[in-house]
Amino acid sequence: MGRREESVLVTRSSMPPFEEYVEMIRPLWGSHWLTNMGDLHQRLEKELKHWLKAENLSLFVNGHTALEMTLQAFHLSGEVITTPFTFASTTHAIVRNGLTPVFCDIREDDYTIDADQLEALITEKTSAIVPVHVYGNLCQTEKIQEIASRHGLKVIYDAAHAFGVEKGGRGAASFGDASMFSFHATKVYNTIEGGAVAYRDPEMAHEINGLKNFGILDEETVALVGGNGKMNEFQAAMGLCNLRHLPQELEKRRKVWERYMEHLKGVPGIRLCPERPGVKMNYAYMPVAFSGFRKTRDQVFQELSCQGIHPRKYFYPCVNAYQCYQDRFSSEDTPVAAKASKEILTLPMYADLPLETVDEICRIVLQ
């Protein structure tokens, strides 16, 4: 089989019809209100609060800024327990707040932080836990909260992968003290770039919204050392349009996910994420672990790439193996995460991925 005429990327951004987006942004040419929490921003904030079943929600220019400023708003100090099996943003947000990340290993089946190992890592310096919902798999939320409450710790979730995921009827936004969501172009739901933080305590709105606007509280009062984290109106317009089509997008993703499962479930040497009873999935990613398969993860990656199909080694390497942290941490301290980082390949997954292409991808993998 020769190289494909058109490459298949690991993901592709969902976009509304062009004319629909144009109509959404048309009023901006009359108002000239392009940023600073305009009408579209306020509308999107209200709709997302409902969609995510969040008690309180604030929009941001991107997910990383949302997480970094949320950590700042909690006035944390000392150590923060988190996972090395995540995107760079999670740990960087902790470090850029002057905090020390303490890495906890992960569960082998769903790659989320292993709550059974949390308590052994808590010291008198620990101020918070930052777990990550990975690939749309929700963490052991009840157990994490029980441990955090017993030790007086804050729980701030990196929920970048968990938009729309629910457990027992509760949205991912309802767990912990706060949850960060990413609306990056590669996510299930996007605002081009963008993000949000959902939080339990309504009193935090004052500080979170102040931090994303340079700490300015009114025309004459700058009370916080903040930055610029505001979402603009063009992003909000894309978000409002995409939200209209989200149910259909999720349904198309479900069909792609099911097609992959038909081909790959039960194949020796291939491990897929388990389905959880009572969990509403978002079909964000298609992670496949090659453990004991006749080819290594890297060999499968290379074969697919040679045929114009581009999966992703997501996440590789582990954060505690990054060059920028090489003198501080070691991936040997989290062996399950280190192993997962060398075995997992996320296969192409997006709403408009043709099912015939899924068949082709699986045929290449299995042959």
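1. Arginine 259 is partly exposed, at 22% relative accessibility. In this predicted model, its side chain meets that of aspartate 359 in a salt bridge, 2.8 Å from N to O. The pair links distant parts of the chain. Arginine 259 sits in helix α8 (residues 233-264) and aspartate 359 in helix α11 (residues 355-366), 100 residues apart. Aspartate 359 counts as buried, at 18% relative accessibility. The cut-off for buried is under 20%.

2. A second salt bridge joins aspartate 109 to arginine 276, with the closest N and O atoms 2.7 Å apart. This pair also links distant parts of the chain, 167 residues apart. Aspartate 109 lies in the loop between β3 and β4 (126-130). Arginine 276 lies in the loop between β12 and β13 (279-280). Both residues count as partly exposed: aspartate 109 at 29% relative accessibility, arginine 276 at 35%.

3. Glutamate 23 and arginine 26 form another salt bridge, the closest N and O atoms being 2.7 Å apart. Glutamate 23 is partly exposed at 47% relative accessibility. Arginine 26 is partly exposed at 49%. Elsewhere, Arg12, Glu249, Lys252 and Asp352 are linked in a network of salt bridges. The count for the structure comes to 24 salt bridges.

4. How enclosed is strand β14? Five of the five residues of β14 (residues 286-290) are buried, so the strand is largely enclosed by the rest of the structure. Cover is found on both faces. Met286, Val288 and Phe290 are buried on one side, Pro287 and Ala289 on the other.

5. Strand β14 has two antiparallel pairings to check. Strand β12 (residues 270-272) runs antiparallel to β14 and is joined to it by three bridges. Here arginine 271 has alanine 289 of β14 as its bridge partner. Strand β15 (residues 344-347) pairs with β14 over four bridges, again in the antiparallel sense. Proline 287 stands opposite threonine 346 in β15.

6. An open sheet is formed by seven strands, ordered β1-β9-β8-β5-β4-β2-β3, with mixed pairing. Its edge strands are β1 (56-60) and β3 (100-103), each of which pairs on one side only. From one strand to the next, the twist averages 25°. Within the sheet, β8 (residues 178-182) and β9 (residues 195-199) pair in the antiparallel sense over five bridges. Alanine 178 has tyrosine 199 in β9 as its bridge partner.

7. Cysteine 104 is buried, at 1% relative accessibility. Cysteine 273 is in no disulfide either; its nearest cysteine sulfur, also that of cysteine 139, is 12 Å away. Cysteine 273 counts as buried, with a relative accessible area of 14%. The structure holds zero disulfides.

8. One surface feature deserves a look. Phe214, Ile216 and Val222 form a nonpolar patch, with about 270 Å² of accessible area together. Isoleucine 216 belongs to strand β10 (residues 216-218). Isoleucine 216 is partly exposed, with a relative accessible area of 35%.

Methods. Residues numbered from 1 in each chain as written. Predicted model: local features only at pLDDT ≥ 70, side-chain atom pairs only at ≥ 80, totals over all residues. Heavy atoms only, no water. Buried < 20%, exposed > 50% of the residue type's maximum accessible area, 1.4 Å probe, protein only. Pairing = 2+ DSSP bridges. Patch = residues over 30% accessible without salt bridge, like charges linked within 9 Å, V, L, I, M, F, W, Y side chains within 5 Å. Areas by Shrake-Rupley, 256 points an atom, 1.4 Å probe, with all protein chains shown as cover. Salt bridge = Lys/Arg side-chain N within 4 Å of Asp/Glu carboxyl O. Disulfide = S-S within 2.5 Å. Axes fitted to C-alpha atoms, helices over the stretch in contact; angles between N-to-C directions.
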